[in-house]
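Have the sequence and the model open as you read.

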Amino acid sequence: MTHNKSCCSISRDSSILRASSVNTEEVQPSGKYAEQIKARMIELQGGSFMMGTNDAEGFPKDGEGPVRQVHVDPFHISPYAVTNQDFEQFILETGYVTEAEKFGWSYVFKLLVSETVLAQVQHVPTHVPWWLVVHGANWRQPEGPDSTILGRENHPVVHISWNDAEQFCKWSGTQLPTEAEWEYAARGGLEQKRYPWGDILKPDGEHRCNIWQGKFPIRNHAEDGYLGTAPVDAFKPNGYELYNMSGNVWEWCRDSFSPTYHINTNRVNPYFNEPAEQKSMRGGSYLCHRSYCNRYRVAARSGNTPDSSTGNCGFRVVWHRS
Ligand SMILES: [Cu+2]
């Protein structure tokens, strides 16, 4: 089993078409829609839980372990990832322009693009040839200029950078979850289980999340029903009524990414906020497969640079009553 990180994500190569600088505009907090987003949230009690894993299937180098007791304060969390519909509301109200739009391109998984788009691709990253630099790919056109989000209003928004997600949070009066909050939520009240529903990937043969089936990256048999993203409320929720904590899309977290996170943070409301090259993300995506990266386990971790965007990373938000 490899520890390859690149099926999970790929960092923006800024030498490719850097059209304009990153966002500097200030987003103003919204009123009504933000209240709707908060009203949908699930209130979690918080408390102590066993964070991390010593799982033999895990990747110690990612900093998944050791297992330790961590406390998180009560918080509210979205039952599912921010949808295209939610994000559209944000754009309509603020006129915000995402980084994928400013750069003029984003990374799309090869099997998802049309023949036309494929024929126009000029940059294919050498070590990860399944990630294409697609001009015009962004949240509205997830597979490039000839694609649309029509019919996918309830799918997770993708091609969102960490910086973009932060702006959405500012607008909605929410925050990205810390990794500790994310993992506490993902575990759904179970202790030290591999997935949000238990230790068995497919209990009674039933698919519980949207990941890769088949030989990566050649062919995805889509036995779980999805080649790319699934609706945010597909599959059964976990014990906290949270959907798709594993698979579907990676979810940005608030922390900077560090493989020594467990050393750099407290045991009470841990939050790693030191400057680092990458921000953390959790949950894995429709591209994850056991043979390749196996990062749809609840304790699995990854990261990416804050201006990166891909077709398999989105986010969900939390809120703290103060
Ligand atoms: Cu992966």
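## Around helix α5

Helices here are DSSP runs (H or I, at least four residues) and strands are runs of E with at least two, numbered from the N terminus. This is a predicted model, in which local features need pLDDT of at least 70, side-chain atom pairs count only at pLDDT 80 or more, and totals for chains, interfaces and linings use all residues. Residues are numbered from 1 along each chain as its sequence is written, and side-chain values use heavy atoms, with hydrogens and water left out.

Helix α5 is mostly covered, with eight of its 11 residues buried; buried means under 20% relative accessible area, exposed over 50%, and partly exposed in between (1.4 Å probe, protein chains only). Among the buried residues are Trp162, Phe168 and Trp171. The buried residues of α5 pack against α1, α2, α3, β7 and β8, where contact means heavy atoms within 4.5 Å.

How do α1 and α5 meet? Their axes (lines fitted to C-alpha atoms over the stretch in contact, with angles from 0 to 180 degrees between N-to-C directions) lie 8 Å apart at an angle of about 100°. The contact is made by these residues:

| Helix | Residue range | Contact residues |
|---|---|---|
| α1 | residues 32-39 | Tyr33, Ala34, Ile37, Lys38 |
| α5 | residues 162-172 | Phe168, Trp171, Ser172 |

## Cysteines

A disulfide is a pair of cysteine sulfur atoms within 2.5 Å, and the count comes to zero disulfides. For Cys253, the nearest cysteine sulfur is that of Cys313, 9.5 Å away. Cys253 is buried, with a relative accessible area of 0%.
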